[in-house]
Amino acid sequence: QVQLVESGGGLVQPGGSLRLSCAASGITFSRYVMGWYRQAPGKQRELVASITSGGSTNYANSVKGRFTISRDNEKNTVYLQMISLEPEDTAVYYCNAARAMLAYWGRGAQVTVSS
């Protein structure tokens, strides 16, 4: 019954903006650390950003200053606001929920940054 559904991906030009959303169901959302990971072709999956129950955030160096993660516990949704997008940001972005030994993944959303 646990489900994480990403939305908001798509094609955007370099320098553009995009906001990803991840709607969670089947979990006590507020208790989970929420994160965004991405995986580009031929590369390992990497953590992009995470946010704890208390609102503490963590970002990969490559996206600091450009991406912002946030969460709305009333809506059971985590967001990733992306600005100043670069071709290097092209990847499948995955939503993750983690707590203790539990971890859940969304199916991913494609983000393509290209002119």
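Tutor: In this predicted model, the side chains of Arg66 and Asp89 meet in a salt bridge, with N and O 2.8 Å apart. Arg66 lies in the loop between β6 (57–59) and β7, whereas Asp89 lies in the loop between β8 and β9, so the contact ties together parts that are 23 residues apart in sequence. Arg66 has a relative accessible area of 11% and is therefore buried, the cut-off for that class being under 20%. Asp89 likewise counts as buried because its relative accessibility is 1%.

Asp89 also takes part in a salt bridge with Arg38, at 2.9 Å from N to O. This second pair links distant parts of the chain: Arg38 belongs to strand β4 (residues 33–39), Asp89 to the loop between β8 and β9 (91–99), and 51 residues separate them. Arg38 counts as buried because its relative accessibility is 6%.

Arg38 in turn forms a salt bridge with Glu46, where the closest N and O atoms are 2.8 Å apart. Glu46, at 29% relative accessible area, is partly exposed. Side chains of opposite charge can pair when their charged atoms come close.

These contacts belong to a network of salt bridges that links Arg38, Glu46, Arg66, Glu86 and Asp89. The structure holds four salt bridges.

Note on methods
Residues numbered from 1 in each chain as written. Predicted model: local features only at pLDDT ≥ 70, side-chain atom pairs only at ≥ 80, totals over all residues. Heavy atoms only, no water. Buried < 20%, exposed > 50% of the residue type's maximum accessible area, 1.4 Å probe, protein only. Helix = DSSP H or I, 4+ residues; strand = E, 2+ residues; numbered from the N terminus.
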